[in-house]
Amino acid sequence: MPSPYRAIFATPGTVGFSAAGLLGRMPLSMLGIGIMTMVSELTGRYGLAGTLTATLALSAAVLGPQVSRLVDRHGQRKVLRPATLISLAAVTGLLICAQQGAPDWTLFAFTAVAGCVPSVGAMTRARWASLLQGSPRELHTAYSFESIADEVCFIFGPIVSIGLSTLWFPEAGPLFAAGFMLVGVWWLTAQRATEPRPHPVEQHTGGSALRSPGLQVLVAAFVATGAIFGAVDVVTVAFAEETGHKSAASWVLAVYALGSCLAGAVFGLLNPKGEPGRRWVLGVCAMAVSMIPLQLAGSLPFLAVALFVAGLAIAPTMVTTMALVEAHVPRSKLTEGMSWTSTGLAVGVALGSAAAGWVVDARGAAAGYAVPGVAGALAAGVAFLGYRRLRRPVPTREGQREQRDGDPAEREQPVA
């Protein structure tokens with residue numbers, strides 16, 4: 001392991017919570033695509049499958065920040081375990097209803113409750129932020145590792161989920177996703193030494209972390225970014241099926257994640273200079289431009305190459321996002337702030353999945369890649385329009401500003 005990564009894992013407890021976090025976030029890549037594959041296998045209805053995936057993402061978008069807000073106040077163990085049990089019960093109900101051919105409304109009801117799944121990535125990032133407070137270089141490497149962990153999940157998660165549902169039985173993908181969630185969350189919350197200290201209720205003044213103008217920009221852009229991811233997943237599965245190789249979709253999506261994983265690993269070795277806001281805007285624009293070749297996809301090999309190149313822009317942009325969240329959100333609301341970015345992605349995944357499903361049903365898989373193309377253009381537009389807000393860190397609870405980036409004179413300006 002390169003020295004910057006070796007340095008961060010020298011801190012006691014980091015290996016344990018990172019391993020638990022890796023397992024616990026597997027449902028991030030397995031559950032939605034597993035539900036989509038299960039429903040398409042059982043019913044052949046991509047519109048229904050995409051809408052159910054959208055329902056799961058929207059539910060997570062609504063419930064996730066509330067779970068994280070409770071975590072900031074009461075601690076990870078007290079909140080995550082009950083939330084996980086609720087989500088697991090809902091997934092169980094969904095699988096039973098799908099297998100028994102129950103009415104569609106029952107599928108939507110259980111899927112909505114299943115969105116109570118905790119944002120494990122936000123929990124592990126909060127642990128890094130607590131342990132490495134005051135060490136920005138090490139924290140940059142830690143956030144890069146977290147992005148690598150995300151992409152490892154996206155490399156193997158779809159392969160496992162789609163493979164199980166298509167080669168074994170349709171419900172296998174979501175079932176294994178639930179198992180990973182149970183093991184990962186229980187293992188993570190058993191590690192009390194690295195758990196961030198809860199912040200008393202009196203420190204949570206000023207309402208939600210989303211009141212930060214900078215965080216609003218990040219979340220809005222991530223809605224469009226999530227639409228890219230959701231649409232690419234749905235359309236790629238449909239495209240692979242049209243070519244007669246549906247199970248190959250998992251490998252193509254794994255190549256997409258592999259590009260991001262490699263870029264994140266290299267980015268973690270660097271010590272980037274300059275303004276994070278500018279790097280973030282460039283990263284979002286790169287993701288938008290990378291959607292153009294997908295419009296020309298005519299075969300799975302071409303699609304795999306195009307997605308690998310597109311993936312190179314993802315992890316560096318996500319790492320920079322976490323640094324910006326930390327600069328724009330008070331520490332007492334950091335877990336909630338990180339969860340809001342996940343919420344933006346979840347909402348986008350929901351919209352992108354649903355829109356892509358409708359386009360695929362109406363016009364075919366090739367036409368579906370127009371959805372991530374439009375989403376990329378919207379993300380770039382939001383990034384450009386919101387850039388000025390990202391240069392102004394918000395005041396902390398103690399009335400001090402996060403002195404991380406930007407011109408000192410700009411830090412003295414009031415937040416608009």
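Searching the whole structure turns up two salt bridges, the term being used for a side-chain nitrogen of Lys or Arg within 4 Å of a carboxyl oxygen of Asp or Glu. This is a predicted model, so local features need pLDDT of at least 70 and side-chain atom pairs count only at pLDDT 80 or more, while totals for chains, interfaces and linings use all residues. Residues are numbered from 1 along each chain as its sequence is written, and side-chain values use heavy atoms, with hydrogens and water left out.

One of the bridges joins the side chains of E146 and R25, at 2.6 Å from N to O. E146 sits in helix α8 (residues 136-167) and R25 in the loop between α2 (14-24) and α3, so this pair ties together parts that are 121 residues apart in sequence. Helices here are DSSP runs (H or I, at least four residues), numbered from the N terminus. E146 and R25 are both buried; that label means under 20% relative accessible area, with exposed being over 50% and partly exposed in between (1.4 Å probe, protein chains only).

The other bridge pairs R192 with E195, this time at 3.0 Å from N to O. Here R192 is partly exposed, at 48% relative accessible area, whereas E195 counts as buried at 14%.

Now for the helix packing. Helix α3 (residues 27-43) packs with helix α5 (residues 76-100) at an angle of about 15°, and the two axes are 11 Å apart. The axes are lines fitted to C-alpha atoms over the stretch in contact, and the angle, on a scale from 0 to 180 degrees, is taken between N-to-C directions. α3 and α5 are therefore roughly parallel to each other, a label given to angles under 35 degrees. Their crossing is left-handed, which is to say that the near helix is turned anticlockwise from the far one by less than a right angle.

On the α3 side, the contact (heavy atoms within 4.5 Å) is made by L31, I35, M38 and L42, and on the α5 side by V91, L94, L95, A98 and Q99. Sorted by class, that makes eight nonpolar residues, one polar and no charged ones.

Setting aside neighbours within four places in sequence, L31 touches L56, V91, P174 and A177. L31 and V91 lie 60 residues apart in sequence, with a C-alpha to C-alpha separation of 9.2 Å in space.

How values were computed
Helices (H or I, at least four residues) and strands (E, at least two) are DSSP runs, numbered from the N terminus. Angles under 35 degrees count as roughly parallel, over 145 as roughly antiparallel, 65 to 115 as roughly perpendicular and the rest as oblique. Ala, Val, Leu, Ile, Met, Phe, Trp, Tyr, Cys and Pro count as nonpolar, Asp, Glu, Lys and Arg as charged, and the others, Gly among them, as polar.
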